[in-house]
Amino acid sequence: MIAAMAVPVPTTLVHLSGVDIAIIVFYFALVLAIGLYLRGRSHTGEDFFMAGREMTAWIAGLSFLSANLGSLELMGWAAAAYQYGILAAHWYWIGAIPAMLFLGIVMMPFYYISKTHSVPGYLKLRFGEPSRALSAVSFALMTVFMSGINMYSMALVLKVVLGWNINFSIWVSSATVAVYVALGGLRSAIFNEVLQFILIWAGAALIPILGLVEAGGWSNLRLQIARNASAEYTHLWSTLGTFKDNPMGIHWTGIVLGLGFIISFGYWTTDFLVVQRVLSAKDLRSAKMAPIIGAAFKMLVPFIVILPGLLGLAVLPMKLTGETAAVATGGHSYNEVLPLMLSRYCGPGLLGLGITALIAGFMSGMAGNVSAFTTVWTYDIYRALIKKNESDAHYVSMGRWCTVLGVLISVGTAYLVMSFASIMDYVQALFSFFIAPLYGTVILGMLWKRATGAGGFWGLLAGTASSIGMWAWVKINPAALRYVALSPNARDMAENMYRALWSWIVCVVVTIIVSYMTKAKNDGELSGLVYGVTAIPQEAAVPIYHRPAFWATVVAVFFVALNILFW
Amino acid sequence: MREGGISIWFFIGVSLLVNGVLIVGAGIREVFVPPANPVVLFNLHANIWWGALLLVFGLVYCVKFLPGRKT
């Protein structure tokens, strides 16, 4: 999907009026004002890197979700919905909700009780320095690369939609993010992410509402999609019996095991970009509630992302195509479906709010990457490996400079991607190499006390190496796809799912074998880190509707109902 | 999140209020000066009622989370 966005289309989809420009300018002024205001509240390391650990469940939960609503989320998944139909919603439902609930109920107590600053920090406590160094370096590298890709994608969207100069978009947006994160640290990033979350909804929710009015309701929309595309486009599960019967070329085992069990759990429970927001919660109950609140809103995001893509299939007068065909024919590509729907329904003012929603999405993702990079660099690389015994003020100062440096590296990556579009494919693949094995290492570390430091390190290394190996194997010999993805009919999405599954299995198997060959830590050393030897604080005697487990159950019931409803 | 400081919800209220005023204003102007190329479903005047909704929410949040006010 990222690669598809790499080819610029020299057209301008919408024209902004004065009031639209005023709304966008006001947004930039407000995020900078928030950064300036919070500068005075970021003196210590706990303030700057962990937002003082004083966030309420609502703020941590909305920020947790907003950091994920990044550059490709809004535009990319609306495009995927136009291209693949409602199957794209799997990335919001089975590809997110179970993992978010698992993080809140099962994993959060260990992250929170250990008082770690980061996921690599947890690995240090559980498995030792080598595991932390491996995961910290790979995470820092991938984070700035992904931030650069987000930045480039945003600039490209602004060029295609508004005709804005790419350099102008890159430098204005990156400088804004650098200023407000460097000034206010994680607290400023979180404040702005909550603001951005509200603006995304305010700017994007009108499209599906008006779209459903025009289409004549959901039943009529399904009929129109069946007529214009195929009836398969509105079924979530019933077409996944074989690789050939659905637009995505994927089997239900790939969705359930690869996406639902590995990639989703890996991303939502071990990617520090999102976990950092939850670690900033003011107490354990808030830390457990934050992912549950995030899950509830995550279930609703398809309303503003997937539904506009489906509506595009029904109401747009033109047929959207892939980027290459769009360039060749002068038509519109899948990636333009959201701006096209925006310009279809939104007049002056609403258009500016919609564009602000897109920019807010891009900036929240970028700020999330930069603040996570800053923390991992300062605590898990700089303090752990370079300068161990400096003052707290020294590390805060390093964090501020590192924010600016991280943004500059991201800008450099954005220009690198611009010059070599195919790099996007490789970086996307590189990012996926680390998620699945890291999940294997963390989950074994938390749930199996016999796992040893050597087991954790070699499992993580073997899982990562096997993922890279499988990816290279298919690149060199495309016929290998039948072994990696279990079918020659599998497509890119399916390959990613199965590669994640195999690399997780390799990580877990190697960790178990090496752990049995090496000496385990005693229970006392594992207290606060591993299930079974950690006393989880009992929740206060509160009514049932204040308990995280109750709300997790409510979200789980709605999750199951949605899957049955759109079966 | 607000002890001794401004709540995030106040900032959000300000944002919704200002956007609401600008959008409602643009919508009212379109009633008197209809655009040459109206958007689809222009007759619903979405910018007026959607902008009004943002304005009301913004106003409520601004008042409720006004700095210095006890909630």
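Trainee: Which helix of chain A holds Glu214(A)?
Mentor: This is a predicted model. In it, Glu214(A) falls within residues 206-215 of chain A. That stretch is helix α9.

Trainee: Is Glu214(A) buried, partly exposed or exposed?
Mentor: Count the other C-beta atoms within 10 Å: Glu214(A) has 16. Buried needs 20 or more, and exposed needs 12 or fewer. The count for Glu214(A) lies in between, so the residue is partly exposed.

Trainee: Which residues does Glu214(A) touch, leaving out those up to four places away in sequence?
Mentor: Contacts turn up in chain A and in chain B. In chain A the partner is Val315(A). From chain B come Val40(B) and Leu41(B).

Trainee: How many residues does each chain give to the contact between chain B and chain A?
Mentor: Take the two sides in turn. Chain A gives 30 residues. Chain B gives 24 residues.

Trainee: Which element gives the largest share of the side of chain B that touches chain A?
Mentor: Two elements there give two or more residues: α1 (8-32) and α2 (46-64) of chain B. By class, that side has 17 nonpolar, six polar and one charged residue. The largest share is 12 residues, and it comes from α1(B).

Trainee: Why is helix α12 of chain A described as largely enclosed?
Mentor: Helix α12 covers residues 272-279 of chain A. Its buried residues include Phe272(A), Arg277(A) and Leu279(A). The rest of the structure largely encloses the helix because the buried residues number eight of the eight.

Trainee: How are α12(A) and α17(A) oriented to each other?
Mentor: Helix α17 spans residues 350-386 of chain A. The two axes lie 9 Å apart, at an angle of about 80°. Angles of 65 to 115 degrees share one label, so α12(A) and α17(A) are roughly perpendicular.

Trainee: Which residues of α12(A) make that contact with α17(A)?
Mentor: On the α17(A) side, the residues include Gly368(A), Ala372(A) and Val376(A). By class, the contact has four nonpolar, five polar and no charged residues. From α12(A) come Phe272(A), Leu273(A) and Gln276(A).

Trainee: What radius of gyration does chain A have?
Mentor: Chain A has 567 residues, and 59% count as buried. Its C-alpha trace spans about 65 × 55 × 55 Å along the principal axes. A compact globule with 567 residues would have a radius near 24 Å. Chain A agrees with that, at 23 Å.

Conventions. Residues numbered from 1 in each chain as written. Chains lettered and ligands numbered in written order. Predicted model: local features only at pLDDT ≥ 70, side-chain atom pairs only at ≥ 80, totals over all residues. Helix = DSSP H or I, 4+ residues; strand = E, 2+ residues; numbered from the N terminus. Axes fitted to C-alpha atoms, helices over the stretch in contact; angles between N-to-C directions. Parallel < 35°, antiparallel > 145°, perpendicular 65-115°, else oblique. Contact = placed C-beta atoms within 7 Å. Nonpolar A, V, L, I, M, F, W, Y, C, P; charged D, E, K, R; others polar. Rg over C-alpha atoms; globule rule 2.2 N^0.38 Å.
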